[in-house]
Amino acid sequence: MTDQLTQAQAETQAQAETQAPIATGATTAGTAAVTTAVTKTRQSQRVVSSRKVFQQIIRRDLRVAMRQRSDLLNPLIFLLIVITLFPLGVGPGPDILGRIAAGVIWVSALLSAMLGLERIFRDDFRDGALEQMLLLPVAVELSVLAKIVVHWLLTAVPVLLITPLLALLLNLPVQAWGVLWLTLLIGTPILSAAGAIGVALTVSLNKGGALLSLLLLPLLVPLLIFATAAVEATLAGVSPAGPLALIGAFSVLSVTLAPLAVKAGLRVSVN
Amino acid sequence: MWRWLHPYAKPEATFHLVQKLLPWFLVPGIVLSVLGLVWGLAFAPPDYQQGESYRIIFVHVPAAMWSMGFYVAMAAAGLLALVWQIRTAELALLAIAPVGAVLTFISLFTGALWGQPMWGTWWVWDARLTAQLILLFLYLGVMALYVAFEDERAGAKAASILALVGVINIPIIHYSVYWWNTLHQQSTVTRAITRLEAPSIAPEMLYPLLVNIVAMMLISAVLVMLRLNNEILRREIHRPWALKYLGIAVSTPAATTGKE
Amino acid sequence: MQFESFTEFLHMGGYAVWVWWSFVGTLACFALLAFEAVMRRKTLVSEARKHAARAERILQARQARKQQKAAH
């Protein structure tokens with residue numbers, strides 16, 4: 001806890017060094033006169049570089065996550081086990097498995113994402129770093145975006161790495177592997193972004209876990225539908241471009257709009 | 001408009017307004033319900049394909065329509081609560097959610113009862129039914145989130161945010177579910193449903209349907225108003241205005257001495 | 001009127017179970033909501049009454065004590 005707090009302080013110091021003028025429209029390389037005038041009038045509220053904060057948060061969160069690797073591994077193992085259970089449940093016939101493979105992989109990915117989702121804000125909320133983040137003199141949305149990016153890097157990238165293994169286990173025809181991988185690549189940012197909204201709303205609650213899936217899974221229905229539709233289109237020999245484009249659109253939409261909702265949610269939760 | 005709307009941010013003003021409006025919703029609501037039900041059940045002609053069973057439409061369609069409408073109303077209340085911090089809007093959100101959830105449930109329940117004789121199954125993964133089921137989950141999510149918070153105002157804010165996120169998502173969910181439904185190999189059962197929806201409805205059936213739609217809106221609105229006023233009362237029950245309204249005499253020290 | 005007799009009306013062309021249950025179910029849902037709201041209102045009012053009465057009692061007791069003290 002103290003470690004993270006001092007880290008946050010160090011961050012703010014580092015940012016304070018790279019102060020840049022705001023709203024006046026002057027660039028960092030702009031006239032010195034304007035800069036000094038601005039800093040004089042706004043001595044108390046120095047503005048820090050947003051990009052720097054963004055990078056700092058990403059770097060810090062990655063470092064923190066690397067210290068608790070089991071947290072990262074557990075959802076992945078859960079995913080593998082669920083995928084293993086499916087053939088045992090529905091029977092090992094390769095035709096059945098191949099047909100349901102995309103759906104099973106996506107549903108399992110959604111469920112395993114729910115497992116580790118709370119980590120986006122939970123630890124920061126407990127040790128107070130989240131409050132610090134809201135108080136940083138940059139747009140909160142940006143810090144939130146950094147959190148979302150980190151979550152995506154930590155949860156989606158491993159899933160993307162083991163996707164071929166999952167497809168292999170479920171006998172997905174090889175021609176659909178690429179599309180499945182693509183749907184996961186552009187669909188998982190939606191998971192992280194929508195997940196951040198849900199976690200922001202429930203982080204202050206003691207038992208947010210079950211509630212989180214109730215809030216999020218209905219919102220993720222379109223993602224599941226279009227992702228599996230893309231794979232099925234490929235299997236049927238049709239171009240999967242339509243659903244892929246739609247997933248891309250949702251992805252852009254959710255990544256850009258979610259930080260606004262997350263900010264509002266965090267304000268409620270931190271209070 | 002704001003000058004007109006602003007006083008109702010105060011729960012007391014809203015309470016009195018709702019109390020005044022209540023009979024104007026309740027009486028036409030009951031009259032139209034009775035009219036609509038009698039008309040729909042006894043006087044509307046039977047359907048040439050479905051016989052008398054189609055009469056379920058007179059509760060099914062209004063419930064399905066207003067389940068959506070009340071979600072939008074709830075999200076609007078959420079917006080008011082979030083942006084302008086209006087206390088009454090938080091309470092309105094809380095009052096609307098259960099009524100909307102019940103409407104959604106009614107549409108699912110009557111849908112199942114209609115499906116059983118027509119298509120031989122209680123449930124088909126038809127686009128409308130599926131979308132409606134997801135809507136029910138959204139309502140439940142909003143209600144569960146509100147209840148989960150210990151601090152009521154924080155709960156209301158969180159529920160407002162969720163309702164707004166949901167309202168952005170509802171059209172997407174709807175289109176995706178429809179698309180999913182047309183994409184998949186439809187069972188004959190599902191195809192039968194989509195086909196039945198196609199023919200335009202005859203006026204002798206349409207008019208009672210419209211009456212029922214209006215009636216259900218009015219009745220649901222009455223329920224929302226009752227709940228809203230209960231919520232207001234619950235929070236303001238010890239305020240002088242509420243006690244005065246309820247006819248509870250509160251004695252000031254001076255009054256008691258005068259009595260003795 | 002579409003039906004010849006009342007029994008025929010109840011019979012609903014063989015679909016009585018489905019039609020009547022869906023209408024009864026809907027009515028029951030609304031009745032439940034209305035009942036809950038009315039009961040809620042009643043408990044609220046009675047609680048407020050009790051609270052007010054209690055406040056009154058406290059006030060009176062206090063006053064009586066004051067008068068006793070004054071008498072002594």
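A residue is called buried if 20 or more other C-beta atoms lie within 10 Å of its own, exposed if 12 or fewer, and partly exposed in between, with C-beta atoms placed from the backbone. The legends below use these terms for a predicted model, in which local features need pLDDT of at least 70, side-chain atom pairs count only at pLDDT 80 or more, and totals for chains, interfaces and linings use all residues. Residues are numbered from 1 along each chain as its sequence is written, while chains are lettered from A and ligands numbered from 1 in the order in which they are written. The predictor assigns the complex an ipTM of 0.80 and a pTM of 0.81.

**Figure 1. A:Val270 in helix H12 of chain A.** Helices (H or I, at least four residues) and strands (E, at least two) are DSSP runs, numbered from the N terminus. A:Val270 belongs to helix H12 (residues 241-270) of chain A. This residue, A:Val270, is partly exposed because it has 19 C-beta neighbours inside 10 Å. Two residues are in contact if their C-beta atoms, placed from the backbone, lie within 7 Å. Apart from neighbours within four places in sequence, A:Val270 is in contact with A:Leu130, A:Glu131 and A:Leu134. The C-alpha atoms of A:Val270 and A:Val90 are separated by 45 Å, and the two residues are 180 residues apart along the chain.

Figure 2. Chain A contains 12 helices and 0 strands. Of its 271 residues, 40% count as buried. Among contacts in chain A between residues at least 6 apart in sequence, 81% join residues at least 24 apart. A:Asn171 sits in the loop between helix H8 (140-169) and helix H9 (177-202) of chain A. Most residues other than glycine have a negative phi. A:Asn171, however, has a positive phi, near 60°. With 17 other C-beta atoms within 10 Å, A:Asn171 is partly exposed.

**Figure 3. Helix H4 of chain B and the residues that flank it.** Helix H4 (residues 87-119) of chain B has 33 residues, which at 1.5 Å a residue should span 48 Å; its end C-alpha atoms are 47 Å apart, which agrees. The expected span is 1.5 Å times one less than the number of residues in the helix. Of the 33 residues of H4(B), 25 are buried, so this helix is largely enclosed by the rest of the structure. Just after H4(B), B:Gly120 takes a positive phi of about 80°. B:Gln85 lies in the loop between helix H3 (57-83) and H4 of chain B. The phi of B:Gln85 is near 55°, a positive value in a residue other than glycine. B:Gln85 is exposed, with 12 other C-beta atoms within 10 Å.

**Figure 4. The contact between chains A and B.** This contact takes 24 residues from chain B and 18 residues from chain A. On the side of chain B that touches chain A, helix H5 (127-148) and helix H6 (152-183) of chain B each supply at least two residues. The largest share of that side, 14 residues, comes from H6(B). By class, the side of chain B that touches chain A has 19 nonpolar, 4 polar and 1 charged residues. Here Ala, Val, Leu, Ile, Met, Phe, Trp, Tyr, Cys and Pro count as nonpolar, Asp, Glu, Lys and Arg as charged, and the others, Gly among them, as polar.

Figure 5. Chain C has 2 helices and 0 strands. Its C-alpha trace spans about 90 × 20 × 15 Å along the principal axes. Buried residues make up 11% of the 72 residues in chain C. In the contact between these chains, 31 residues of chain C meet 38 residues of chain B. Helix H2 (residues 16-71) of chain C gives the most to the side of chain C that touches chain B, with 24 residues. The residues on that side divide into 19 nonpolar, 8 polar and 4 charged.

**Figure 6. A span of chain C annotated in UniProt.** For "transmembrane region", an unreviewed UniProt entry lists residues 15-35 of chain C. UniProt positions are given in the numbering used here, feature names are shortened, and annotations may be inferred rather than shown by experiment. In the model, residues 15-35 of chain C are 95% helix and 0% strand, and the end C-alpha atoms of the span lie 30 Å apart.
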